[in-house]
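Dear colleague,

I am handing over the structure that we spoke about, and below it you will find my notes. Please read them beside the model.

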Amino acid sequence: MKIGITCYPTFGGSGVVATELGLALAKGGDDVHFISYALPSRLNLTHDRVHFHEVTVTTYPLFDPYPPYALALATKMAEVAAYEKLEVLHVHYAIPHAISAFLAKQILHGELKVVTTLHGTDITLVGRDESYLPITRFGIEASDGVTAVSQWLKDETTANFGTDKAIEVIPNFVDLERFHHERGNIFHLFDIVDEKLICHVSNFRPVKRIMDVLEVFERVARRIPSRLMMVGDGPDRSRAEAWCREHHLRERVFFLGNVPNLEEVVGSADLFLLPSEAESFGMAALEAMASEVPVIGTKTGGMPEVVVDGESGYLLPVGDVEAMADCAIEILSNDALQRKLGKGGRQAAVERFDEKKIVPRYREFYARTT
Ligand code: GMT
């Protein structure tokens, strides 16, 4: 098939899923055209079936301070769809992508099939804001096909937008060859002997509650020789680094930024922390599970559909850092338990979230969507 994909190119779950999907589709023989304002962060253009079309927004004094990105995107979508003969345009994150795709379809007199995947904050945060709710609902209803990354997100969408639009649940997936148990490299890098490694990966936005990650780590480090790897970047990073300085944890907490070798870092960890306020899925937790790393997360949103409490880690109430620290200490001081939860996570990833099983479901969905 010839498939267009639009996503946010910056570090964030929806862009990661869109990029991995596009690369997997190309590997399977589809021609994939990414359309966005920058090259998606995980996208390398080494495959001859993968193409990138940059959206540039022409500036004009009247447009200041709000250049119309959604319109420039719609124009580029229509252009690429027409000249590359796209059979489907798959947009990730409803706002503004579903609306731009609708406009592109209008420009092409209806000759474009649009699929929208809902990821999370497009529904739970941004889309629920009064200033965006009607247009988000419109974008969902105007799409030819809609998918959500968890049952929870599907139910939230139906309830909050009062829509009876059919929504197919297609969970996120992981490349099991890339993410697997991999010890060694990172230990060597940090000169670590006999210490436990804890890891957190996110975009450091308030919804991720990275101060809870630090609070948990501080309690664990009092009992167990350990270090914390904070992977990613975002608005709460400065505050978190300042907290580590104040609490004399600079030697124990490493802020690594957006590392390219994520699988090595995650695969070296003994424990993964994801204490989010909300999470429609929890892609980072899935990558940890695939790497046989137990996860401590929160009983929130779609996370229980990914991390099964007691099987691949533990899920606690949002903000309960004491209970999270107790669970972390229990896991880190019991090798057999750590191994059991790690194996449980890998098994779930293999059975339910294998890229090889999930990507064909998107292909089938494109074919079914009219
Ligand atoms: O807030 C983020 O983590 C970014 C956001 C996005 O859309 O880029 O992530 C959402 O989509 C991911 C991929 O489907 C999910 O794994 C995350 O759970 C979801 N984030 C939230 O719901 C907060």
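The notes that follow go through the ligand site, the salt bridges, the cysteines, the backbone and the surface.

This is a predicted model, in which local features need pLDDT of at least 70 and side-chain atom pairs count only at pLDDT 80 or more, while totals for chains, interfaces and linings use all residues. Residues are numbered from 1 along each chain as its sequence is written, and side-chain values use heavy atoms, with hydrogens and water left out.

The ligand is surrounded by 19 residues, of which the closest are S14, H119, N172, E279 and S280; a residue is taken as near a molecule or strand if one of its heavy atoms lies within 4 Å of it. Helix α1 (residues 13-27) supplies the largest share of this shell, three residues, where helices (H or I, at least four residues) and strands (E, at least two) are DSSP runs numbered from the N terminus. Polar contacts are pairs of N or O atoms within 3.5 Å; within protein, one atom must be able to donate a hydrogen and the other to accept it, and residues adjacent in sequence count only if both atoms are side-chain atoms. A backbone N or O atom of S280 lies 2.9 Å from an oxygen atom of the ligand, a polar side-chain atom of N203 lies 3.4 Å from an oxygen atom of the ligand, and a backbone N or O atom of F281 lies 3.1 Å from an oxygen atom of the ligand. Taken alone the ligand exposes 480 Å², and the protein buries 95% of that; accessible areas come from the Shrake-Rupley method with a 1.4 Å probe, and for residues only the protein chains shown count as cover.

The count of salt bridges comes to 25, a salt bridge being a side-chain nitrogen of Lys or Arg within 4 Å of a carboxyl oxygen of Asp or Glu. One of them joins the side chains of E20 and R178 (3.4 Å, N to O), and this pair links distant parts of the chain, with E20 in helix α1 and R178 in the loop between β7 (168-169) and α7 (185-190), 158 residues apart. At 16% relative accessibility E20 counts as buried, whereas R178, at 21%, counts as partly exposed; here buried means under 20% relative accessible area, exposed over 50%, and partly exposed in between (1.4 Å probe, protein chains only). The side chains of D144 and K105 also meet in a salt bridge (2.9 Å, N to O). D144 lies in the loop between α5 (133-142) and β6 (145-148) and K105 in helix α3 (residues 97-107), so this pair ties together parts that are 39 residues apart in sequence. A further bridge, between R222 and E218 (3.1 Å, N to O), has both partners in helix α8 (residues 210-223), four residues apart, which is about one turn of the helix. Salt bridges that share partners also join E20, R42, R178, E263 and E287 into one network.

A search of the whole structure finds zero disulfides, a disulfide being a pair of cysteine sulfur atoms within 2.5 Å. The sulfur of C199 has its closest cysteine sulfur in C244, 14 Å away and therefore too far for a bond. Both cysteines are buried, C199 with a relative accessible area of 0% and C244 with 2%.

Some points of the backbone deserve a look. Most residues other than glycine have a negative phi, and most peptide bonds are trans. The peptide bond from D64 to P65 is cis, with omega near 0°, and P65 is in the loop between β3 and α2. The bond from I95 to P96 is cis as well, with omega near -10°, and P96 lies in the loop between β4 (88-92) and α3. That loop also holds Y93, whose phi is positive, near 80°. F204, in the loop between β8 (196-202) and α8, has a positive phi near 50° and is buried at 0% relative accessibility.

Lastly, at the surface, D48 is found in the loop between β2 (31-36) and β3 and counts as exposed at 65% relative accessibility.

With best regards
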